Amino acid sequence: KMRGFSLQELSDVMNQAISKQDLNRLETGIKKPDSEIVSQLCSALNVTVDYFFRNPSVSLEQVEFRKLKKLPVREKEKVKSQTVEYLERYLELENLLGIDNELPFTPRAFKIKPGKEIEGISSAATTMREDILKIGSDPIFNIYELLEEKNIKVFRTEVDPSFSGMSTTIENKIGVIVYNDNNDLPIVRKRFTLLHELGHLFLDLTEFDEKHSEKLCDAFAGAMLLPEDKLMEYFGGRRETVYVKELRLIKSYFGISLLAIMYRAKALNLISEHYLKYFCIKYNQFFKKEEGEGYDGIEKSNRFIQLLIRAVAQEVISTTKAAALNNQILGDFREQYLDADKK
């Protein structure tokens, strides 16, 4: 499932060394594998032997997977299985190091009230920026890393662009965000998705339907990317005209799409509803295709690897165990992450 294979495709990858029927017997437990079969499966599935002997710690029943409706069944299973497998390795590592992996806030506790959505979202973004993330009104140059530093697990997958991302909690204390790192999606879209899903983790939207909840999380993402005081400074007040070139300057600094800037401006009453609709038409005709350009930031985090190296250095785990947790063979892990012996 993690590789997106059917049993027949797995057999084909293995050059029919194991038939589809025998793979089914292995999968259902009717047949037991010997060491040679395990080795062949590891090679074909790109996992280590340790994977087959790891005790499951995160079950699919614990994770609510939203927003996968548009994906084919096999793609859905791929995202689910990859996410659960990654979380198992990540949480095992943190537990071995004795690291508290609870969210820095109570999940879905910031209440947004009907009729006061604008004020509520603004207050929620301010609380998140100032009290939880402690970044004030500065641009967020690496959202992925910032979230991981705050104990929010972020998993990158690569599937059809119709899927942007999703979020969930495990046992109502561990926060997880999954986002699509497909190259066809602009980086500003990925950044927006990460913060949109943060909104789902942080906000209590129980009084709104799904469609309205999605819009409120969009508004939260816009407020997180572009604080009110900064946009007010750029715009200088309500406008009748906004130039695309000035939007590009804002985009290049804050890592927010042209369209999201305009929706943010409308939320702050800096432009009219009519002007926003006019811009949306022009955007879809001329500017949407350029969203992949104009922002040079990088979204990445090395936290998992840093924890692995720390665990090895502190002799909490062996190098062999570290390699297994990173789904690598021992030699590759040593060469990539550990210093060579100096003679």
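Buried denotes under 20% relative accessible area, exposed over 50%, and partly exposed the range in between, with a 1.4 Å probe and protein chains only. The structure is a predicted model, in which local features require pLDDT of at least 70 and side-chain atom pairs count only at pLDDT 80 or more, whereas totals for chains, interfaces and linings use all residues. Residues are numbered from 1 along each chain as its sequence is written, and side-chain values use heavy atoms, with hydrogens and water left out.

With neighbours within four places in sequence set aside, Leu 203 is in contact (heavy atoms within 4.5 Å) with Arg 108, Phe 110, Ile 112, Ile 121, Ala 124, Cys 217 and Phe 220. Both Cys 217 and Phe 220 are among the buried residues of helix 9, as are Leu 216, Met 224 and Leu 225. Helices (H or I, at least four residues) and strands (E, at least two) are DSSP runs numbered from the N terminus. The buried residues of helix 9 pack against helices 6, 7, 8, 11 and 12 and against strand 5.

A total of 19 salt bridges was counted, each defined as a side-chain nitrogen of Lys or Arg within 4 Å of a carboxyl oxygen of Asp or Glu. In helix 5 (residues 73–97), Arg 89 and Glu 85 lie 4 residues apart, about one turn of the helix; their side chains form a salt bridge with an N to O distance of 2.8 Å, and both residues are buried. Glu 94 pairs with Arg 303, the closest N and O atoms being 2.7 Å apart. Because Arg 303 belongs to helix 14 (residues 303–313) and Glu 94 to helix 5, this pair ties together parts 209 residues apart in sequence. Both Arg 303 and Glu 94 are buried.

A further salt bridge, at 3.7 Å (N to O), joins Lys 111 and Asp 204. Lys 111 lies in strand 1 (residues 110–111) and Asp 204 in strand 5, so parts 93 residues apart in sequence are tied together. Lys 111 is partly exposed, with a relative accessible area of 32%, whereas Asp 204 is buried, at 15%.
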